[in-house]
Amino acid sequence: MKFTTRQFLLATLSSLSLAATPALAQQAPDPAAQAAAPLPESVPSQLPRIARPSHYDIAVTPDAKALTFTGRAAIDLDLFAASNAITMNALDLDFASASIAKPDGSGRTALTATVDRDAQTVTFTAPASLAPGQYRLTTDYTGKIGTQANGLFALDYPDKVTGEERRGLFTQFEAPDARRFVPSFDEPSYKATFRLTATVPAGQLAVSNMPVEKETAATNGMKTVTFGTSPKMSSYLLFFGLGDFERLAKKSESGAEVGIVSPKGSGEQARFALDSLGPLLTYYGDYFGQPYPLPKLDNIAGPGQSQFFGAMENWGAIFTFERILLDDPAITSQATRQAIYEVQAHETAHQWFGDLVTMAWWDDLWLNEGFASWMATKVTDHFHPEWQALLSRVGGREHAMALDAYKTTHPILQTIRTVEDANQAFDAITYQKGEAVISMLEAYAGEDVWQGGLRRYMAAHKYGNSRTDDLWNAVEAAGAKGLTGIAHDFTGQPGIPLIRMTSYECDGGTGVIGVTQGEFSRDRRAGVDGEGRRWKVPMLVRGVGGKDQRVVVEGGKATIRVPGTCGATILNGGQLGYFRTLYTAQALDALRADYKAIAPIDQLGLLSDNFSLSVAGYQPMGAALDLLTAVPTDANPYVLTEAADRYEQLHAIFDGDAASQQAIAVRGAAALRPALARLGFDPKDGEPALDAVLRADVIRTLGTMGDAAVLAEARRRFALLDSNPKALDGSSKGLWLDIVATNASAADWDKLHKLAGASKSTVERSTLYTLLGAAKDDALAKRALDLSLTGEPGETTSAAIIGRVARNHADAAVDFVEANQAQVDKLIDASARVRFLAGLAMGSDDPAMIARLETKAAGLPADVRKPYERTIAVLKERAESRPRIKAETKAWLAGQ
């Protein structure tokens with residue numbers, strides 16, 4: 001599963017039957033040849049361990065209009081102990097009948113189905129005890145089709161040609177929602193094969209994990225589609241989609257067919273993703289030493305959006321929201337095109353890390369997500385070096401550290417015991433900290449040894465499940481001695497190491513550096529100078545103009561010798577380490593003086609580190625602000641974007657202090673306008689991709705800080721729409737409309753509202769409706785909130801409107817949700833529901849919000865309380881540190 005990137009969030013605003021390829025199909029081991037056994041006690045489970053499935057035959061008939069479906073499931077299972085009851089997972093399913101028989105159909109016995117909604121289970125009970133052995137349990141049932149992305153759900157959208165309303169059906173089962181579609185052993189260790197049959201309207205395209213095996217006519221304008229049997233996989237990877245779709249496809253070098261399934265009329269919008277998909281399969285198959293084992297891989301575009309995820313790695317049938325899969329020249333920005341590639345690369349990596357080899361339990365979710373994130377960055381850099389994807393890892397690390405710096409954080413390896421625990425495990429620690437730690441461990445092991453270890457791991461665990469230590473054992477066996485100890489420190493305990501430079505001396509041309517290891521925290525300052533947690537910290541120490549030195553800091557301190565350097569030295573060279581670095585004032589002065597000579601990735605790391613250290617009070621704000629002034633006006637686009645973000649953040653801190661905001665805006669404009677003068681307002685044919693991204697970031701920052709020229713240009717362009725609704729079409733459309741929406745008058749808001757309702761593009765429509773929530777004006781924000789409950793924006797867009805309002809009006813958004821809780825809940829994925837309100841409150845500057853959230857959290861179960869505790873921790877720390885940050889920044893501004 002993939003969350004959309006911050007860059008993307010800022011930037012956007014004929015049926016084919018495939019025959020299975022015999023050579024590919026033979027790569028999957030025969031499930032019947034593998035001895036069945038109860039789930040080991042070492043693997044967590046919420047189900048009795050007396051039975052295990054081997055195969056599911058599922059037949060469904062959805063009624064998209066009525067939002068219901070009927071189903072029949074025949075489940076082959078092994079019963080390991082005599083029992084009259086078999087318990088599975090089930091949610092929102094009603095059972096009409098159930099029976100159990102031997103595999104040959106003999107001895108059929110009727111069963112009674114008893115549902116426990118709180119436990120999300122169904123227990124099938126026989127009149128007498130069943131002897132151990134193999135059985136087929138058959139049940140008929142009905143279920144619900146939702147309007148949010150859980151289980152089997154519907155997405156409504158305008159036809160791309162006629163504008164008429166269409167409805168597509170899709171499934172989303174991670175973490176625990178296959179139980180909404182079929183009674184199942186809905187836990188990752190209960191792998192089985194799946195065969196799906198669906199009776200659907202004859203004119204629509206049905207898609208699942210495997211190719212269509214046969215298709216026959218049914219009565220009343222229907223057809224029955226049967227898909228091939230899948231390899232062994234976890235239940236959460238099952239997929240079914242149905243609608244007025246088209247499929248753009250071709251054969252890949254790997255031998256598998258790849259396709260993009262999208263709403264009819266998408267046409268060439270699917271080409272960019274399709275052309276990228278085949279090479280990804282080939283690259284990953286070679287890297288992991290395991291060819292892609294299925295005969296096809298589709299990526300299915302779904303209209304709308306989710307508060308929980310952007311894409312899902314169903315084996316052979318990735319699901320991705322259209323906004324980050326289809327390349328629409330009328331609105332897709334360069335940043336979004338890069339997000340399209342990166343998200344698809346992430347989900348394709350999951351076809352190995354997560355699908356072929358699956359974590360045994362949700363505790364090890366990071367084995368799926370951290371590795372898919374790391375691999376996506378690696379493959380993006382391989383195929384698109386011009387995008388400089390490796391530099392994005394600094395931003396990812398910072399996103400993780402923003403969560404990891406509070407006492408409410410958790411280790412990468414966390415204990416998952418409830419459904420809500422599993423839902424909340426999908427966060428920056430699992431994804432971005434996971435990727436950062438993997439990058440660090442790869443650097444420690446060396447690329448060849450690391451790859452060799454991953455190949456061992458894949459070969460040993462394919463079609464099965466694994467735990468984190470299985471991976472460390474494989475990499476150590478490949479030659480990375482000592483890696484397990486480092487890995488345990490960074491995955492088994494939370495928090496961020498702080499490497500503090502304590503001394504620097506020159507010994508005959510060799511730099512001699514003393515360091516201590518403490519812990520960086522925003523709200524847990526005890527032990528920050530060395531008495532807190534201990535990590536074995538691998539470091540790449542890089543002297544500017546000298547040699548690199550690899551060391552591991554153990555026991556809390558070290559002395560490091562760097563040959564050939566007695567000047568500026570970077571303690572986290574290449575930004576490969578997951579730690580903060582606090583330099584002495586003299587060492588930081590030397591780095592600032594040599595800033596232009598430092599590699600862009602280290603420029604990024606230094607800027608991020610020092611702002612975080614200053615904001616947290618480890619050093620004065622002046623240290624970070626002085627470094628910000630050292631950023632050249634012709635710096636790498638990633639570095640200039642980081643600088644733009646810092647100016648924008650400082651500007652926001654002084655909301656209500658016009659003089660300070662103006663002083664920051666003047667400095668920001670001086671730093672950023674040279675880039676804008678070079679790039680211009682409009683994209684240029686053939687320009688570097690990163691120039692296009694930088695232009696958008698600079699324009700957005702200047703617009704946020706009230707730059708008169710940018711605001712005037714936005715208004716000029718917006719006026720063009722009066723005579724030509726397509727006047728702004730192009731990669732910058734979302735950018736200019738975002739600036740207009742933020743500064744909208746009532747007339748502007750009405751115009752945007754009209755444009756949103758008239759659009760035939762799902763992505764443009766949802767973008768425009770969401771932008772209605774961007775207005776700074778209080779009255780317009782209220783209109784946007786009221787609009788969100790009307791149903792007009794669409795079931796999956798309304799929550800995005802509320803979220804956008806919260807950026808400028810957090811308290812109003814929280815008030816609105818609490819006043820309309822039951823209605824708002826229907827607009828939010830069940831997986832994200834408990835986090836929604838706490839997320840809105842994160843932008844509040846009202847001290848009363850803290851007590852308000854504490855009261856709300858006090859009566860909640862521990863797993864539901866976690867998001868509130870995180871927001872409370874941030875708000876408390878902000879209230880404490882903000883006065884100091886303001887005072888130190890104002891003093892620095894006065895001294896310039």
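Modeller: One definition is needed before we begin: helices, of at least four residues, and strands, of at least two, are DSSP runs numbered from the N terminus. Please bear in mind also that this is a predicted model.

Biologist: In the loop between which two strands is Asn 220 found?

Modeller: Asn 220 has a positive phi, near 60°, in a residue other than glycine. The strands on either side of its loop cover residues 212-217 and 222-227. These are strand S13 and strand S14.

Biologist: Is Asn 220 buried or exposed?

Modeller: The relative accessible area of Asn 220 is 74%. The term exposed applies over 50%. Asn 220 is therefore exposed.

Biologist: How is Leu 67 classed by its relative accessible area?

Modeller: Leu 67 is not a glycine, although its phi is positive at about 60°. This residue is found in the loop between strand S1 (51-63) and strand S2 (68-79). Buried means under 20% and exposed over 50%. With a relative accessible area of 23%, Leu 67 is therefore partly exposed.

Biologist: Is His 384 buried or exposed?

Modeller: His 384 has its place in the loop between helix H5 (365-383) and helix H6 (392-404). Its side chain is joined to that of Glu 386 by a polar contact of 2.9 Å. Because its relative accessibility is 17%, His 384 counts as buried.

Biologist: Which phenylalanines are in contact with Ile 86, leaving aside its neighbours within four places in sequence?

Modeller: The contacts of Ile 86 include Ala 51, Leu 77, Ile 100 and Val 122.

Biologist: Which element gives the most to the lining of the second largest pocket?

Modeller: This pocket has a volume of about 800 Å³. Its lining has nine nonpolar, eight polar and twelve charged residues, and Arg 117 and Arg 180 are among those nearest its centre. With three residues, the element that gives the most is H7.

Note on methods:
Residues are numbered from 1 along each chain as its sequence is written. This is a predicted model: local features need pLDDT of at least 70, side-chain atom pairs count only at pLDDT 80 or more; totals for chains, interfaces and linings use all residues. Side-chain values use heavy atoms; hydrogens and water are left out. Contact means heavy atoms within 4.5 Å. Buried means under 20% relative accessible area, exposed over 50%, partly exposed in between (1.4 Å probe, protein chains only). A polar contact is a pair of N or O atoms within 3.5 Å; within protein, one must be able to donate a hydrogen and the other to accept it, and residues adjacent in sequence count only if both atoms are side-chain atoms. On a 1 Å grid over the protein atoms alone, a cavity is a set of points where a 1.4 Å probe fits but cannot get out, and a pocket is an open set with protein on both sides within 12 Å along at least five of seven lines; lining residues have an atom within 4 Å of a point. Grid points are joined across faces, edges and corners, and a volume is the space filled by probe spheres set on the points. Ala, Val, Leu, Ile, Met, Phe, Trp, Tyr, Cys and Pro count as nonpolar, Asp, Glu, Lys and Arg as charged, and the others, Gly among them, as polar.
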